[in-house]
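The following note is intended for a student reading this structure for the first time. Please keep the sequence and the model in view while working through the numbered points.

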Amino acid sequence: MGHVTVRYWAAARAAAGVDAEPVPVEEGATLADVLAEVRSRHGARSRLTEVLAVCSVLVGDRPVGSRAPEDVRLAAGDTVELLPPFAG
């Protein structure tokens with residue numbers, strides 16, 4: 001077992017209350033598994049669940065795009081970036 005690093009940006013960081021955190025993963029883990037763990041850690045009433053629904057996601061430097069989270073395989077050492085929409 002290893003871990004992936006989940007990094008939160010902008011509103012996701014505010015909702016999570018942390019910039020980043022390690023999430024344990026087993027072989028064959030998917031993005032869906034990691035997102036479920038993140039939701040579990042931060043509670044069902046957390047605003048983070050709402051923010052996650054609109055986030056763009058990168059695994060390393062690769063955008064997930066429209067792929068289903070259960071189809072995105074992760075490996076120990078990966079970084080998952082959660083980027084909510086923002087104006088600038």
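This is a predicted model: local features need pLDDT of at least 70, side-chain atom pairs count only at pLDDT 80 or more; totals for chains, interfaces and linings use all residues.

1. The largest pocket holds about 170 Å³ of space. A pocket is found on a 1 Å grid over the protein atoms alone, as an open set of points where a 1.4 Å probe fits, with protein on both sides within 12 Å along at least five of seven lines. Grid points are joined across faces, edges and corners, and the volume is the space filled by probe spheres set on the points. The pocket is lined by 13 residues, and those closest to its centre are Leu35, Leu52, Cys55, Val57 and Pro69; a lining residue has an atom within 4 Å of a point.

2. Helix 2 gives the most, with three residues. By residue type, the lining divides into nine nonpolar, two polar and two charged. Here Ala, Val, Leu, Ile, Met, Phe, Trp, Tyr, Cys and Pro count as nonpolar, Asp, Glu, Lys and Arg as charged, and the others, Gly among them, as polar.

3. Residues are numbered from 1 along each chain as its sequence is written, and side-chain values use heavy atoms, with hydrogens and water left out.

4. The protein chain contains three helices and five strands, in the order β-α-β-α-α-β-β-β from the N terminus on. Helices (H or I, at least four residues) and strands (E, at least two) are DSSP runs, numbered from the N terminus. The radius of gyration, taken over C-alpha atoms, is 12 Å, close to the 12 Å that the globule rule gives for 88 residues, so the chain is as compact as a globular protein of that length. The globule rule is 2.2 Å times the number of residues to the power 0.38.

5. Of the 88 residues, 32% count as buried. Buried means under 20% relative accessible area, exposed over 50%, and partly exposed in between (1.4 Å probe, protein chains only). Among contacts with a separation of 6 or more, 57% join residues 24 or more positions apart; a contact means heavy atoms within 4.5 Å.

6. How many salt bridges does a search of the whole structure find? There are five, a salt bridge being a side-chain nitrogen of Lys or Arg within 4 Å of a carboxyl oxygen of Asp or Glu. One of them joins Asp19 and Arg13 at 3.7 Å, N to O, and Arg13 is partly exposed, at 33% relative accessible area.

7. Glu21, Glu37 and Arg41 are linked in a network of salt bridges. In the pair Glu21 and Arg41, the closest N and O atoms are 3.0 Å apart. Glu21 lies in strand 2 (residues 20-25) and Arg41 in helix 2 (residues 31-42), so this pair ties together parts that are 20 residues apart in sequence. Glu21 is buried at 13% relative accessibility, whereas Arg41 is partly exposed at 34%.

8. The side chains of Glu37 and Arg41 also meet in a salt bridge, at 3.0 Å, N to O. These two residues are four apart in helix 2, which means that about one helical turn separates them. Glu37 is partly exposed, at 30% relative accessibility.
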